[in-house]
Amino acid sequence: MAKLITLFKLLPKKHQLLLSLLTLAIFVIIFIPTDNAVASKQTPESGVAVRYDVPLAFRTPDAPSAQNVADSGEPQESEKAAEAITDSIVEQTSDALETQVDKQADGMAELEHFEVKRGDTLAALFQRASLSAREVYDITQLPLAKKHLIKIMPGEEITIGKSADGGLKLLQYRIDAISTLIINHDNKGYREEVQTKDVENRQQFVSAEIHSNFWNAGVDAGLNPAQIMQLATIFGWDVDFALDIRNGDSFSLIYEQEFADGEFLRNGNILAAEFINQGERYTAVRYTDGNYYSADGRSMRKAFLRSPVDFKYVSSNFNPRRLHPVTGLVRPHRGVDYVAAIGTPIKSAGAGKVIKASYNQYNGNYVFIRHNATYTTKYLHLNKRKVKEGEYVKQGQIIGTLGKTGRVTGAHLHYEFIVNGVHRNPRTVDLPKAEPIAKQERSAFDALSKSLMAALNHQKQVRIAMQK
Ligand SMILES: [Zn+2]
């Protein structure tokens with residue numbers, strides 16, 4: 001294989017391109033499934049992790065009314081969308097080829113691509129491109145060229161087209177995913193411009209049922225790690241993602257994706273989401289202030305996080321009858337144990353003052369935080385303490401790391417939640433109601449929330465229909 005690659009690199013650029021195209025074509029033929037295969041992919045029997053494009057009707061920046069949403073989609077829409085994606089990929093390839101052909105017909109020799117190499121200078125690259133000293137001078141006098149070409153990086157490419165007599169006619173440089181510098185040269189002189197593609201926001205729908213754990217369900221649904229964490233953060237005030245996720249829980253979301261000329265740029269924000277945890281339904285809508293509110297307009301942010309440990313560190317899921325790490329027995333327990341690796345960061349569940357940060361033979365390293373006259377939280381068996389007595393901490397601040405100090409047999413965090421001096425279950429205790437959305441934002445929020453939740457529900461129905 002290594003030999004092949006070396007051989008490939010020795011070939012002229014033109015041959016490399018041809019070979020690459022040929023290889024691509026073979027891959028496309030082998031791996032792009034037929035229509036039937038696409039259809040079966042869209043309706044998995046397991047019902048897990050279906051992901052598809054939201055029909056065009058949802059892509060308008062102004063949220064559609066609930067009625068529009070209900071009318072817009074048939075189950076086949078998503079299949080069409082999938083086909084459209086495949087089509088657009090094919091189209092792009094042929095477009096690129098056409099452009100080249102056009103240029104040739106225009107009396108221009110073939111476009112040549114020059115890759116910026118490590119340690120390369122613009123002068124060296126222009127020399128490889130056989131530009132004359134005069135042409136190099138002229139280009140470097142152009143304001144846009146001066147501004148952008150000075151920043152070329154290894155791996156980037158400058159495309160050059162010449163006339164039949166070898167004079168420079170065209171120079172193209174892709175500044176980033178949406179901007180390209182284009183310099184044209186003819187007998188009237190040089191013209192330069194930066195062409196910018198329009199960025200289009202599309203809405204993507206994802207829905208999944210959880211069977212092994214939340215993370216896997218997210219990955220299977222096509223979410224990236226940042227999106228999975230964002231989803232957990234949005235609902236982290238209501239749901240303990242470390243311990244409370246159960247087989248059959250599910251989530252659905254609509255998030256933004258940015259495209260330029262059909263080319264995917266990046267994932268954007270989660271716009272709306274629903275999480276069903278042990279039969280309880282939680283909703284979230286992103287408002288224009290960048291904050292998340294429940295569909296009925298209550299802030300998602302609360303005085304306490306449900307869990308002081310990020311779920312991604314906690315190894316065991318679906319284990320409601322947790323064994324106590326000391327005795328090996330299931331028994332009533334004044335706190336909650338989170339079993340995870342030593343060194344796992346532990347967060348303060350809420351803002352407050354550290355009233356104890358110390359060590360004893362039972363608790364090991366421990367931290368107590370007083371949030372107000374009513375609430376206190378306790379964190380035991382820490383490997384390291386990261387706060388001192390008397391210190392004020394913010395919600396989510398790392399106060400220590402998980403350990404196995406004190407009277408324990410294995411590494412875990414023992415977490416206690418005390419309300420007016422009484423131990424309560426932090427995962428089920430009623431927490432102070434969060435602030436609702438500001439009065440003057442109410443009607444705008446309600447309209448947005450209504451349309452996004454309608455879109456979400458509609459997409460769920462489409463999905464269910466597809467599985468029948
Ligand atoms: Zn414990």
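Two strands count as paired if DSSP finds at least two bridges between them. Helices (H or I, at least four residues) and strands (E, at least two) are DSSP runs, numbered from the N terminus. With that in hand, Leu-171 stands opposite Ile-183 in β5. You are looking at a predicted model, where local features need pLDDT of at least 70, side-chain atom pairs count only at pLDDT 80 or more, and totals for chains, interfaces and linings use all residues. Residues are numbered from 1 along each chain as its sequence is written, and side-chain values use heavy atoms, leaving out hydrogens and water.

**The sheet**

- Five strands make up an open sheet with antiparallel pairing, in the order β2-β3-β4-β5-β6.
- The edges belong to β2 (112–115) and β6, each with a single partner strand, so one side of each has no neighbour in the sheet.
- From one strand to the next, the twist averages 20°, where axes are lines fitted to C-alpha atoms (for helices over the stretch in contact) and angles run from 0 to 180 degrees between N-to-C directions.

**Two hairpins**

- β4 and β5 are antiparallel partners over five bridges, and they form a hairpin with four residues between them.
- β5 and β6 also pair in the antiparallel sense, over eight bridges, and the hairpin joining them runs through two residues.
- Ile-182 has Glu-193 in β6 as its bridge partner.

**Helix α7**

- Glu-135, Asp-138 and Ile-139 are buried in helix α7 (residues 133–141); buried means under 20% relative accessible area, exposed over 50%, and partly exposed in between (1.4 Å probe, protein chains only).
- These residues lie on the same side of α7 because they cover an arc of only 100° around the axis, the arc being that of the directions from the helix axis to the C-beta atoms.
- An α-helix has 3.6 residues a turn, so residues three or four places apart point the same way.
- The buried residues of α7 pack against α6 (122–128), α8 (143–149), β4 (168–174), β5 (179–186) and β6 (189–196), with contact meaning heavy atoms within 4.5 Å.

**Nonpolar cores**

- A nonpolar core is a set of buried Ala, Val, Leu, Ile, Met, Phe, Trp, Tyr and Cys residues joined through side-chain atoms within 4.5 Å.
- The largest core has 54 residues, of which Phe-214, Phe-251 and Tyr-379 touch the most other members.
- Helix α10 (residues 225–235) gives the most to this core, contributing six residues.
- Another core, of 19 residues, lies apart from it and includes Phe-114, Leu-122, Phe-126 and Leu-142.
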